[in-house]
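I opened this notebook to keep track of what I looked up, entry by entry.

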Amino acid sequence: MAKFLTTIRLAVGAIALLCVLAIAAPVSAQDRNPDGSVNPTASAVKEDQLLRELNRIQGRVTIPDTKEGVLIQPAGREWREFHQVTLYWIGAISIIGMLALLVIFYLMRGMVKIEHGRSGRTVVRFNPFERFVHWLTAACFIVLAVSGLNITFGKSLLLPLMGADAFAGWSQWGKYAHNYLSFPFTIGVVLIFLMWIGGNIPSRTDVEWVKRGGGLFGHDHPPAYRFNAGQKMIYWIVVLGGTAVAVSGYILMFPFYGGMTVAGMQLAGIVHGVVAVLFIAAMLAHIYIGTLGMEGAFEAMGTGEVDVNWAKEHHSLWLEEEARRVGGATPRATPAE
Amino acid sequence: MARMKFLCDADRCIECNACVTACKNENEVPWGINRRRVVTINDGKPGERSVSMACMHCTDAPCASVCPVNCFYTTADAVVLHSKDLCIGCGYCFYACPFGAPQYPRVGNFGSRGKMDKCTFCAGGPETDNAQVEYEKYGANRLAEGKLPLCAEMCSTKSLLAGDGEIIAQIYKERVVKRGYGSGAWGWKTAYKETIAS
Amino acid sequence: MLIKRTEREKRRGHLAASLGNQSVGGLDRRTFLRRSGLAAGGLATLGALPLAGMRKADAAGTAPTGAGITIRKNICTHCSVGCTVLAEVQNGVWVGQEPGWDSPINRGSHCAKGAAVRELVHGDRRLKYPMKLVNGQWQRMTWDKAIDEIGDKLMEIRAKSGPDSVYWLGSAKFSNEGAYLNRKLAAFWGTNNVDHQARICHSTTVAGVANTWGYGAMTNSYNDIRNAKTMIIMGGNPAEAHPVSLQHLLEGKELQRANYIVIDPRMTRTAAHATEYVRIRPGTDIPVIWGMLHHIFKNGWEDKEFIQQRVYGMDDIRKEVEKWTPEEVERVTGVPGKQLERVAKMFATEKPATLIWCMGATQHTVGTANVRAFCIALLATGNVGGFGNGANIFRGHCNVQGATDLGLDIVTLPLYYGLVEGAWRHWSRVWEVDYSWFEGRFDTVTGADGKPVKMINAPGIPSTRWFDAALLPKDQVSQKDNLKAMFVMGHGGNTVTRMPEVAKGLEKIDLLVVADPHPTTWAVLSERKNGTYLLPICTQFECSGSRTASNRSIQWGEQVVKPIFESKNDYEVMYLLAKKLGFADLMFKNIKVENNEPVAEDILREINRGGWSTGYCGQSPERLKTHMANQKDFDLVSLRAKDGPAKGDYYGLPWPCWGTPEFKHPGTHQLYNTNLPVKDGGGTFRARFGVERVVKTKVMENGQEVEKEQKFNLLAEGSYSKDSEIKDGYPEFTLGVLKKLGWDKDLTEAEMAVIQKINPANPDAVAWSIDLSGGIQRVAITHGCIPYGNGKARANAFGLPDAIPVHREPIYTPRPELVAKYPTLPNARQFRVPNIGFDVQKTAVDKGIAKQFPLVLTSGRLVEYEGGGEETRSNKWLAELQQDMFIEINPSDATERGIKDGGWVWVTGAENSSKARMKALVTERVGKGVAWCPFHFAGWFQGTDQRSKYPTGADPIVLGESVNTLTTYGYDPVTGMQEPKATLCQIRAA
């Protein structure tokens with residue numbers, strides 16, 4: 001992590017230093033002739049000195065590709081260090097760590113059952129549009145995650161199994177998929193943000209919910225509105241993380257547009273990589289709880305309708321709200337067939 | 001085996017761009033791909049120096065390290081080459097490269113990158129030496145013909161040196177001693193983790 | 001590039017064999033070092049490269065290099081350095097370029113242009129077939145029809161307006177043979193309106209330097225600069241204009257630990273490597289030199305013995321120099337006295353010192369005076385006529401030296417014979433055509449004084465003024481009629497100042513013919529709708545012939561490939577034209593013509609037969625080809641062959657190469673070098689201005705005014721070239737002089753017979769320069785004497801408008817307050833047109849132009865482009881490197897105007913309400929108050945993109961505004977040189 005911070009610091013510093021470069025490096029006294037006139041040979045810039053002062057040597061090129069004006073950027077080696085070491089560790093720890101946690105949790109807790117059993121009556125939790133948006137985003141995310149992880153870990157994990165040519169072909173397709181699916185994914189994130197922002201503003205209820213550990217342990221069922229604090233967390237991870245990977249991703253996808261420098265590109269790469277692996281780890285937990293982890297949860301995004309008892313246990317306040325909204329003592333429900 | 005390196009003696013470089021067009025000429029490099037370029041530092045000020053830069057064929061090359069598909073390889077002459085059949089145009093090597101060497105043709109979607117192209121030290125690519133397909137993908141293979149990169153061979157002031165690292169370091173050292181000044185073997189520290197004492 | 005691949009495959013087999021299947025690591029150290037441009041055995045021998053190993057076999061093209069592949073040797077067609085180009089050709093296609101290691105001039109090196117010349121003969125932007133403009137549309141036509149129509153039109157104009165109404169604008173890109181033919185064509189047509197790029201590059205050098213010591217050329221060579229301990233580069237940027245020359249300058253600087261001083265308004269790429277940079281205000285060269293001489297004379301650093309023996313009139317200089325105190329110099333030029341004193345001391349005392357200059361010095365209204373001042377500085381310090389010193393004038397184009405020598409010029413026939421009757425009679429004898437025939441071809445007009453003027457002896461119109469000759473009222477042009485036709489061969493249209501008026505001139509004339517590999521600016525600048533022809537000419541790579549590098553070395557280039565598309569070479573086009581115009585038989589009387597193509601070797605032999613005055617007589621095609629085939633034998637520093645068939649020769653037989661080819665003179669590496677015998681390339685200053693000067697002065701004697709006559713000896717005193725039998729000055733050799741010395745007996749009978757035939761009435765008057773036998777030269781040299789005599793150089797060049805150079809402010813000066821003290825010369829008629837510079841300057845001062853246009857505008861070269869730039873801007877490898885026209889502006893001037901680096905600006909000029917749109921390059925290269933533009937761009941005119949006006953597919957890749965749209969009036973009185981280096985402009989953000 002220290003490395004990572006160093007890299008960011010260097011990248012940001014480099015931008016600042018570009019400005020410094022614009023100011024003439026003053027010619028020191030001994031480089032001048034006795035009468036103060038200039039001796040260009042003696043006052044020649046020295047690589048050593050520039051590297052010490054600036055850590056990025058930049059100048060003028062006549063070709064329009066101004067990024068080629070960066071002559072030497074030792075920061076490239078820092079970026080490599082980030083990419084090959086720091087990101088590996090962050091990725092490995094967060095993803096494998098999360099998987100391990102989930103396995104341990106599953107072994108300890110097993111699937112969270114609907115305590116009162118299925119009521120046979122269901123209530124609509126997500127309408128078809130909401131489900132479409134969710135699955136659109138989810139499907140894109142999975143492809144993006146797999147193709148993304150492939151870029152970082154593929155050569156260690158898959159390359160030896162697949163061989164160079166097959167792996168390159170697969171990675172090439174992965175790159176295409178990654179680039180193209182970024183657009184629907186981004187749309188999904190935006191829609192998720194707009195669609196569910198109403199239910200995801202943190203509130204007092206969340207404090208209680210968190211205090212009671214979300215009912216993950218024991219048989220407690222802290223009250224919650226439509227989204228409990230855990231789901232809100234996922235929401236914000238998706239919205240904020242999604243925005244971060246999208247922005248950094250588009251910077252990477254449209255390299256050097258809008259006057260972006262190599263330092264900016266490196267920073268984008270760092271943000272994209274780190275946010276993505278953390279995002280993936282978080283989504284593993286989300287996937288777990290929505291499938292294996294909890295009985296009746298998957299239906300919310302499956303059919304869109306959840307069992308009333310499930311709703312009572314996990315989203316009691318929401319169920320009450322729904323009931324009031326519909327105007328009857330009980331929410332409009334259909335018997336489970 | 002020789003350890004091939006480039007060395008640009010900035011006290012000789014006059015930004016004439018012969019290296020750039022020689023490279024274009026020898027390798028038929030298309031418009032917009034700049035395998036080699038000349039950068040002028042402190043332009044217009046006393047102390048201005050120009051440096052011709054391309055892939056330095058680094059020791060422990062960062063590009064090779066970050067490549068997601070391991071398309072890079074190092075030849076017996078320590079020239080860092082890559083396979084365009086494997087390259088997926090991800091652009092990572094550009095971020096890792098301390099010298100801005102990797103170039104990408106703009107192809108297809110989003111004006112994004114095609115397969116990476118860079119200086120080969122006039123040593124072609126993984127295909128059979130001097131096969132037609134090698135030339136089309138990577139350009140000339142002068143090393144296989146017993147010649148050095150044309151950029152250095154045609155340098156107007158013998159500023160750009162190419163060849164065995166020890167010999168060109170010796171040449172540079174002798175120059176510095178003879179003339180009494182030297183602004184450094186630009187890029188050597190970063191590329192080869194060594195400098196030439198002057 | 002399929003061909004290239006197959007070829008490489010085959011060649012590799014050979015190379016692999018020669019390497020003994022070793023890897024690259026097996027290259028031996030010597031071979032390796034040679035390729036790195038470095039010598040084995042350390043830097044001490046740097047420069048003396050062993051040229052052995054496998055490469056040699058390749059380069060010589062004698063070894064089996066694989067089936068179908070041949071190596072052809074030609075010379076780069078860009079600048080005057082003369083780099084050898086090795087072309088690999090297979091199946092008639094130029095497939096690769098290799099370094100020409102053996103050439104002592106470039107040792108394998110090239111600049112951006114040289115390394116990209118292969119593209120020139122592949123270029124799909126070339127003009128492909130003859131075309132003409134019909135109602136504003138380009139139409140393809142056949143060569144036959146084109147020559148026919150052009151010929152008819154020329155004859156029509158000749159009948160109506162006389163031969164002088166046709167202007168033959170030739171090229172510094174011609175081979176020597178092409179340049180000579182072009183001059184000859186104009187002579188046979190009957191006009192002296194024939195010129196080429198030297199007018200706008202070094203015409204003032206040629207005039208100024210020749211008027212000082214004999215010949216107007218680089219005295220030493222690029223290679224010889226390696227011997228210099230001090231070099232001053234003033235008004236030149238060879239790092240961009242002559243990049244390969246920097247190899248010699250920088251290695252010389254390193255090996256000699258030499259002083260490398262750049263005096264320039266601009267901190268150029270050349271200045272970046274200087275040990276001392278002196279920034280001056282544009283147009284103040286003379287005050288800077290006088291400022292240096294002030295210190296030199298004051299401290300007694302001058303070379304007194306040299307001045308006494310070899311210089312006339314230095315005392316007159318002292319008087320002028322006295323006025324230039326350090327304070328006055330600083331006031332006018334901006335250079336601090338202390339700095340100038342140190343520069344002066346180095347120049348005078350750390351010898352040998354050389355002065356290098358280019359167009360920064362020559363392109364001024366005071367161009368001739370500038371170069372004269374430079375020569376005087378060299379003379380005062382004894383820095384000319386030896387190793388490592390001299391006036392190293394870097395010429396521009398690849399054969400501008402040769403084209404100048406061969407008289408592609410308004411004031412002379414080939415080889416500086418001038419236009420006097422004697423000159424015509426000399427060439428009439430060489431051409432075997434009666435002098436009277438030529439007289440009949442030319443007009444005779446009535447002069448201002450009512451007397452008849454024979455136009456055959458009248459200098460023509462300079463290329464800088466052609467449009468004035470088209471636009472001015474008829475009575476102001478001193479010939480039968482205005483200009484009606486321009487026949488342009490290999491010459492850009494954007495190279496002369498005042499382009500808005502050029503465009504008008506183009507619209508006025510009846511016929512425009514552009515014979516060039518590219519359409520050039522001529523084709524698109526004006527609104528012409530008809531009467532315009534484009535003839536596709538091949539490059540020198542598609543043609544064989546010789547070219548003269550700046551150092552006077554002549555190199556033979558062999559045809560690399562056949563002319564591409566329908567293009568033809570210069571010789572053939574001129575032959576076809578001569579045939580159409582009816583004098584081909586006379587003009588090519590002694591030149592073999594094969595399939596309409598005159599044979600280059602034969603043309604050179606004719607030049608040899610007439611080129612005595614300049615020593616163009618010894619360089620037969622056979623000798624030149626021997627040199628090209630044995631380049632490896634020549635020494636890097638002395639340029640002398642140490643071995644081989646050319647042993648003893650200097651590379652390229654730099655002129656003067658005296659006598660007949662059989663006499664085997666080695667050529668002359670350093671002009672006027674008294675340290676060598678004449679037979680080894682030694683010499684003295686040329687006794688060109690008589691043996692003595694008589695000055696009549698009026699003095700008061702005993703209260704009475706009496707006229708006194710003073711006589712000054714113009715011959716050298718006690719100085720002579722090594723082994724000279726005459727140990728003092730002597731006049732030029734004639735048969736009469738030989739007789740006086742008793743050396744006439746050394747002439748052979750055959751030689752004597754030729755001399756008798758030249759002037760049967762008075763054979764004693766036959767001089768070394770018109771003796772077609774070469775006998776007089778041979779005998780003089782045998783006795784250790786140089787044929788042209790041993791004279792003094794002239795510090796006082798009596799006869800020139802400013803015999804002693806004086807400072808004169810540019811016509812448009814940013815310092816109008818200095819004009820009263822340093823005005824330009826009065827108005828005068830020069831070269832058939834008026835020069836009203838004085839009026840223009842006065843009006844500019846009166847109107848306060850300097851307030852409206854406060855920035856000095858100067859112009860110069862980019863390394864990627866050359867000249868008008870059409871050819872190089874069409875080369876994709878070069879065009880990519882400079883895609884926009886720009887103007888350099890100092891950061892403080894830019895801030896004042898809200899201009900950003902890379903932003904678009906409008907630049908306005910002081911005349912014609914001219915304006916131009918370009919990008920700003922904010923840089924400290926230029927000082928405050930100075931702006932600089934490259935001069936290679938064209939194709940945009942005052943904000944309008946003219947791309948659509950080019951014939952389809954022949955438009956250059958990069959177009960841009962021409963700086964000459966903004967440049968202004970101002971002409972040197974001696975040569976008609978324009979002033980693009982110091983005018984005024986204003987810049988505002990667009």
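Is Gly493(C) buried or exposed? I first note that the model is a predicted one, and then that Gly493(C) is buried, because 28 other C-beta atoms lie within 10 Å, where 20 or more are needed for that label. I found the residue in the loop between β16 (485–489) and α21 (499–508) of chain C. Setting aside residues up to four places away in sequence, I listed what Gly493(C) touches, and the list holds Thr520(C), Thr521(C), Trp522(C), Leu525(C) and Gly868(C). I also looked up the pair Gly493(C) and Gly867(C), which are 374 residues apart along the chain and whose C-alpha atoms are separated by 10.0 Å.

**Entry 2, the sheet that holds β16(C).** I traced an open sheet of seven strands in chain C, in the order β5-β4-β18-β17-β16-β6-β7 and with mixed pairing. Its edges are β5 (137–140) and β7 (194–195) of chain C, and each has a single partner strand, so one side of each is left without a neighbour in the sheet. Within the sheet I checked strand β6 (residues 166–169) of chain C, which pairs with β16(C) in the parallel sense over four bridges. In that pairing, Leu169(C) has Val488(C) of β16(C) as its bridge partner.

Next I turned to strand β12 (residues 353–357) of chain C, which I recorded as mostly covered, since five of its five residues are buried. I keep in mind that side chains alternate between the two faces of the sheet in a regular strand. For β12(C) I noted Ala353(C), Leu355(C) and Trp357(C) on one side and Thr354(C) and Ile356(C) on the other, and as these are all buried, both faces are covered. I then looked for the partners of β12(C), and found that strand β8 (residues 230–234) of chain C runs parallel to β12(C) and is joined to it by five bridges. Here Ile232(C) stands opposite Leu355(C). Strand β13 (residues 390–393) of chain C also runs parallel to β12(C), through four bridges, and in β13(C) the bridge partner of Thr354(C) is Gly390(C).

Which strands form the closed barrel of chain C? I read the order as β28-β32-β29-β31-β30-β36, six strands with mixed pairing. Neighbouring strands of this sheet are turned against each other by 45° on average, with direction ignored. I followed one pair in detail, strand β28 (residues 855–860) and strand β32 (residues 930–934) of chain C, which pair in the parallel sense over five bridges. In this pair, Val856(C) stands opposite Val930(C) of β32(C).

For chain A I noted 12 helices and five strands, and buried residues make up 37% of its 337 residues. Of the contacts in chain A with a separation of 6 or more, 72% are between residues 24 or more positions apart. I then picked Pro74(A), in the loop between β2 (70–72) and α3 (75–109) of chain A. Pro74(A) counts as partly exposed because it has 17 C-beta neighbours inside 10 Å. Leaving aside neighbours within four places in sequence, Pro74(A) is in contact with Leu51(A) and Asn55(A) in its own chain, and with Pro98(B) and Thr190(B) of chain B.

Helix α6 (residues 165–179) of chain B has 15 residues and reaches 21 Å from its first C-alpha to its last, close to the 21 Å expected at 1.5 Å a residue. Among the buried residues of α6(B) I listed Ile167(B), Ile168(B), Tyr172(B) and Arg175(B). Just after α6(B), Gly180(B) takes a positive phi of about 90°.

How values were computed: Residues are numbered from 1 along each chain as its sequence is written. Chains are lettered from A and ligands numbered from 1 in the order in which they are written. This is a predicted model: local features need pLDDT of at least 70, side-chain atom pairs count only at pLDDT 80 or more; totals for chains, interfaces and linings use all residues. The expected span of a helix is 1.5 Å times one less than its number of residues. A residue is buried if 20 or more other C-beta atoms lie within 10 Å of its own, exposed if 12 or fewer, and partly exposed in between; C-beta atoms are placed from the backbone. Two residues are in contact if their C-beta atoms, placed from the backbone, lie within 7 Å. Two strands pair if DSSP finds at least two bridges between them. Axes are lines fitted to C-alpha atoms, for helices over the stretch in contact, and angles run from 0 to 180 degrees between N-to-C directions.
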